[in-house]
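Open your viewer and get ready to click along. We will go from stop to stop, selecting a few residues each time and seeing what is there.

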Amino acid sequence: MKRRYVVGSVLAVMLVALFALSALATDAEMYFSSDSNGANRVTMIQEGDEVWIAVYDPDENIDCNLRDKIWTDIKIMDPKTGAYINWHKGSDGDATSDYLEETDADTGLFVSKRAFQVGTRVVYSATGNQHTHIVGPYTGTTFVNPTDFVWGNYIYTDAILTDNLNTDQATLYGDDRVWVTQLGQFTSALTTPVPTGEAWLPPPSANRGTDGDYLLGRFENNDTIVGMYKDPNDSTDVAVTMGKIIDTEAVISWDQEVYPDALSAATITVVDPDENLNCNQVEAVPVFVLVNPGSWNVQTTSLINNFCQLKRTGGVRDNTGAVAAVTTVPSVAIRWFNIYHSGLTGTTMLDSTSTQDRAIDGGYYIKYPATFDVKDTNHIVRVSFYAWETSANSGVFKVKLNSILDDLGFTELDVRDVLVAYYLDPNDFDDFKLATSYIEERQHSLTSFTNANRGDMAEYWIGRDPVYVQVIDQNANVDPCCPEQVVVHICDPHGEDDSEWYILDETSSNSPVFLTMAGMQLLPVWDALGIGLANSNGGYQLVLDNWKLEVFNEDSVYARYNDVYYTDTAMRELGDTRLNTSFPPAIRDVRVANDVSFDLMEIVSTEVFDGTNTQMFFLDRQGNRVSGYVNSDCVFVEVVDIDQDEDQYRREQIASYWDGPADTTLGGGTTYAGQNVPFGPEADAYLECDTVTPYDGTVQSHSVNALLGTVDVYKTGEEGGWPKLYVLNPHNGYWAAIDLMENGVATGDFVSVTCIDLASQYVCLPTLDVKPGDTIVAVYQDPSNHSDSSWISIKVGIGGGGTPPGQASTTKFSDAEGNVVTTYTDADDVYVKVIDPSHAGADTLTGLEVEGIAYDLSYLEGANTDTFITDAIPMADLGAVAGDEITANYTDATDPLDTSTDTVPIISSELVFESFIAKPNPFSDEVTFTFEGAGIPETFAVTVYNMSGHLVWSEELSNATEIVWDGQNEAGMPLANGPYIYVAMITDGTDTYTGKGKVFINK
């Protein structure tokens, strides 16, 4: 069945000129290559690898005897982090600038003159604290000159650093898209879209640079990299490509679950192949180790007793144990730019009594309470360590503790103490893992994520799965006659991280089992409708301590249980959304200080573009998927994103401005601006359709990328721009923001709510104002996984009475697997295969008739996305018998000028033999051996001898009615003119017929 959608605009009549034939122009194709010849196309890119930019554009092959060059502007960008290519465009003939060069004379394939490295580390140092990820190589030492990519320092956080640990919840937001200055400050991208100053290497420093300088950023694992090319001689010809940064899931483990004593040596192993950026260097990743986390009360100056608080605060900042206010510059919360280097020195933080290595700088520290036997006089302990790669190119990293006691900074550890190792992928904070080990013995509680029936759960879908946590602890069953309660801490370390302390109830009196009786809602951090908290931008809705868990797709979330009693006040204040009350809750008494247990679960994620397949499509007015070219007056956009089906009981919507500021007035009107800076279109111009000040067609330049457009066709007198979902005509800069509506309940298949007009004969109707051959681009970014970005393009028809180049259909009779056949027997079923590139990606196809009877086709599994096949058609339905011919005719429903046909004869299914024939005879080039009769033999064999009786050639085929010989011997050498003897045999498995004759070569 075809999908049909309501068209929400005035029916436009396309101009005849829209389909005028452009015979000389060709369509460019762009891709990434792992070699300088453009031979190895890559879509999955390992961070640290080099890529070349390849463009196939035959109409730029101007001189077929020379390797031509193209001087044009190339755009490569990461829409999530803001990483942007450092392409030096020069004038034609400027050999010092960047350009594309033809791989050889007359190939039409052009490759960048240099490779671009996608990510690296600041320095491959021996200390590990300079292994921070950055966008690519650089020159210089103070402020630096990035050679391949710039920027990459965009994040969502609070634009104004706010002390959000000692005040009301209302000040805690992570809804502003900002870029990070060299000082570690945050600059709103809506105020200043891009940095204008120098680049500085992380970590940030409070005493360097000037206004406008920025901290050199990075590519993030799983991000989509987008490329754009514009033909310098044909502004309608724009090519788009995508690549995906490889993302692997890490594994962390201790070499023993239980250590015989605290003096034992121990090894922590992290396996994370995507941290292997350089196959010739030994690299490092950070690992954090805490002992019995959550088992003590936070102290007056130190707010840290667990990993989530460590990440949020950056740990203690001096040897008194003080935690810096979040307003401190540079920002001290652990982020991608400082996870390797806190800015602290070991000699400042640790005194001479500590057993930890004071020569290690850049570590993170916490202050343990007096109940812990810590060697440092001030009870300060370094909790971060560098795990070193076991060898170059292994992707396996190890922390080796010579003595658990000494290297963790303790003088004594108790039996059953819990050692917890945390790994937060330094370039992908949604990849979080932890591992536990124990001193001398393990006799601990059990904590697990479950469903409502207490079945273990390892994966959850946002919106669909409520979160339940179960704890089994016999010690907590203190009163056998009365139901009791325990508390678990649930934390998502990704981004601004949600953190909840949740109450579990005893499942029955005198039971060791405790469960969250009411499931916790699992919600997205960004609501796809763009409706969030009252004072936040767009759909941002993360609230701490609200007994709801707000997460991103792909996140890792952990639950921790401590066997302690919390105060009555703390129990009452849990879930009150106020961070200046019981956050974390105060411990009244400790039952078992070192009974700590964990569980970890993952949030399910699906990708619209996964590096191989793209689940995003253009649809014509009738709702048919189209690719390559579209001959329609308007287009819909379809996105299949299963993880956005967050409520399986209603149709959902994804807003184009899901991160847009709310209720802001600019230019006298309400703005619906988003924050897709700097990779969305701007609204610097608009269609103003009144008679006083009509739009004059002037297009202003985009502040970053001229191809992204500045003319918002859907706005009238309002400023805005920067949407996350939009359709764009790069030729003239016209763009339209689009909202997507799920096409049914629980489908995860979303389609734009209106058909975006491409052209119209009416004045002032909002259209993309396309011209023949224009390229149309559609852009999508998942609100619940900002790495999941997809860009697709299509050409507007230039057919002029003919089908666009490369889009013509092909119709062939085939077998059930799609193999082309030239005959059928009267007992066979008939199949028809149609290849139609203009419908690539569709599920079904119509427009086929066989002997005047209409048949639908379905996608042929395992074939290219433009290949379709019918179900089996019984020969009797067609009324065909042996001796007849049957014909299939296909007409593209969206392009009536695109037709294709095929005809095949029907032969008898019963083998009937009269005589063998060789024709033509004599022959010069080739001769065909066949037979008079009917049917298809199971085996057909021909052997040829010379007149001396020596075999010169033979062939045997199955299910064939003829064999062709080219007059060469078995070695492929031409034979002399003259007579040759042939012996032929056919059999149907029951009857066998043989014969012989002479055939003459006459060349």
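Begin by selecting His444, together with the residues it touches: leaving aside those up to four places away in sequence, these are Arg416, Val418, Tyr438, Asn594, Asp595 and Val596. Please keep in mind throughout the tour that this is a predicted model.

**Stop 1: around His444**

Is His444 buried or exposed? Its relative accessible area is 15%, and the cut-off for buried is under 20%, so His444 counts as buried.

Now show the side chain of His444 and look for backbone oxygens. A polar atom of that side chain lies 2.9 Å from the backbone oxygen of Arg416. The side chain of His444 also reaches the backbone oxygen of Asn594, at 3.1 Å. Arg416 and Asn594 are both in the list of residues that His444 touches.

**Stop 2: a four-strand sheet**

Next, switch to a cartoon view and select strands S13, S14, S19 and S20. They form an open sheet in the order S13-S14-S19-S20, and the pairing is mixed. Which strands stand at the edges? They are S13 (138-139) and S20 (214-215); each has a single partner strand, so one side of each has no neighbour in the sheet.

Zoom in on S19 (residues 199-200) and S20, which pair in the parallel sense over two bridges. Click on Ala199, and then find its bridge partner in S20, Tyr214.

**Stop 3**

Select Gln256, in the loop between strand S23 (251-254) and strand S24 (258-259). With a relative accessible area of 33%, Gln256 is partly exposed.

**Stop 4: the disulfides**

A disulfide is a covalent bond between the sulfur atoms of two cysteines. How many disulfides does a search of the whole structure find? The search finds two.

For one of them, select Cys308 and Cys491, whose sulfur atoms are 1.2 Å apart in this model. The pair links distant parts of the chain, 183 residues apart: Cys308 is in helix H1 (residues 307-313) and Cys491 is in strand S36 (residues 485-491). Look along the S-S bond of Cys308 and Cys491: the torsion is about -45°, so this disulfide is left-handed. Cys308 and Cys491 are both buried.

Then move to Cys634 and Cys755, which form a disulfide with their sulfur atoms 2.0 Å apart. The link of Cys634 and Cys755 is right-handed, with 90° about the S-S bond. This pair, too, links distant parts of the chain, 121 residues apart: Cys634 is in strand S46 (residues 634-640), while Cys755 is in the loop between strand S55 (749-752) and strand S56 (756-757). Both Cys634 and Cys755 are buried.

To see the pattern, number the bonded cysteines in sequence order: the pairing reads 1-2, 3-4.

Finish by selecting Cys64 and checking its surface. Cys64 counts as partly exposed, at 43% relative accessibility. Then pick Cys279, which is also partly exposed, with a relative accessible area of 46%.

Conventions: Residues numbered from 1 in each chain as written. Predicted model: local features only at pLDDT ≥ 70, side-chain atom pairs only at ≥ 80, totals over all residues. Heavy atoms only, no water. Buried < 20%, exposed > 50% of the residue type's maximum accessible area, 1.4 Å probe, protein only. Polar contact = N/O pair within 3.5 Å; in protein donor to acceptor, adjacent residues only side chain to side chain. Contact = heavy atoms within 4.5 Å. Pairing = 2+ DSSP bridges. Disulfide = S-S within 2.5 Å.
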